[in-house]
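Student: I have a model open and would like to go through it residue by residue before setting anything up. Could you take me through it?

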Amino acid sequence: MKLVSVFYEALKGNHHFVSGFHQSMAAISNMLYNKKPGNVFLKGNLFSQVQIAYSVPRNISLVTLGENELYNLFPTDLHGAHGCGPLYYFFAACR
């Protein structure tokens, strides 16, 4: 079995999901209010690139974990076989 990994790096992204005015207001809001310690701040055009990436339809799976009477439900957007056998899977939660 041959394992191939492919990585892409985006340099710039443009979209027309919302008007230019609303994109500008969102960028200003991102610059003013999202620089809090511990918060993810997306510099430059990276905010638009993330919007474009998350606009692509994808499967969302719900993973439930529980113990005794306590349960938690996690939506995940990155999931699949790990490659080490049919019982090994990886999951990554949506934000």
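Student: Which backbone nitrogen lies 3.2 Å from a polar atom of the side chain of His 15?
Tutor: That is the backbone nitrogen of Phe 17, which lies 3.2 Å from a polar atom of the His 15 side chain; a polar contact here is a pair of N or O atoms within 3.5 Å, where within protein one must be able to donate a hydrogen and the other to accept it, and residues adjacent in sequence count only if both atoms are side-chain atoms. Please keep in mind that this is a predicted model, in which local features need pLDDT of at least 70 and side-chain atom pairs count only at pLDDT 80 or more, while totals for chains, interfaces and linings use all residues. Residues are numbered from 1 along each chain as its sequence is written, and side-chain values use heavy atoms, with hydrogens and water left out.

Student: Is His 15 buried or exposed?
Tutor: His 15, which lies in the segment before α1, is buried, with a relative accessible area of 7%. Buried means under 20% relative accessible area, exposed means over 50%, and partly exposed is in between, with a 1.4 Å probe and protein chains only. Helices (H or I, at least four residues) and strands (E, at least two) are DSSP runs, numbered from the N terminus.

Student: And what is His 15 in contact with, leaving aside neighbours within four places in sequence?
Tutor: With those neighbours set aside, His 15 is in contact with Gln 23, Ser 48, Gln 51 and Ile 52, where contact means heavy atoms within 4.5 Å.

Student: Where is Gln 49 found, and what does it contact?
Tutor: Gln 49 is found in helix α2, residues 46-53, and is buried at a relative accessible area of 14%. Leaving aside neighbours within four places in sequence, Gln 49 is in contact with Ala 10, Leu 11, Lys 12 and Gly 13.

Student: How far apart are Lys 12 and Gln 49, in sequence and in space?
Tutor: Lys 12 and Gln 49 are 37 residues apart in sequence and 6.9 Å apart in space, C-alpha to C-alpha. Lys 12 lies in the segment before α1 and is exposed, with a relative accessible area of 61%; not counting residues up to four places away in sequence, Lys 12 touches Asn 45 and Gln 49.

Student: What about Leu 11, buried or exposed?
Tutor: Leu 11, whose place is also in the segment before α1, counts as exposed at 74% relative accessibility. The C-alpha atoms of Leu 11 and Asn 45, which are 34 residues apart along the chain, are separated by 8.2 Å.

Student: Switching to the surface, which residues form the nonpolar patch?
Tutor: The patch is formed by Phe 21, Met 25, Ile 28, Met 31, Leu 32 and Tyr 33, with about 650 Å² of accessible area together. Patches are made of residues with over 30% relative accessible area and no salt bridge, like charges being joined within 9 Å and nonpolar side chains (Val, Leu, Ile, Met, Phe, Trp, Tyr) within 5 Å; a salt bridge is a side-chain nitrogen of Lys or Arg within 4 Å of a carboxyl oxygen of Asp or Glu. Accessible areas come from the Shrake-Rupley method with a 1.4 Å probe, and for residues only the protein chains shown count as cover.

Student: What is the phi of Asn 68?
Tutor: Asn 68 has a positive phi of about 55 degrees although it is not a glycine. Most residues other than glycine have a negative phi. Asn 68 sits in the loop between β1 (61-67) and β2 (70-81) and is exposed, with a relative accessible area of 66%.

Student: Last topic: where is confidence lowest and where is it highest?
Tutor: Taking pLDDT as the predictor's confidence in each residue, from 0 to 100, confidence is lowest in strand β3 (residues 89-93), at a mean of 56, and highest in α1, at 84. The mean pLDDT of the protein chain is 76, and 75% of its residues reach 70 or more. Where pLDDT is low, the predicted coordinates should not be read in detail.
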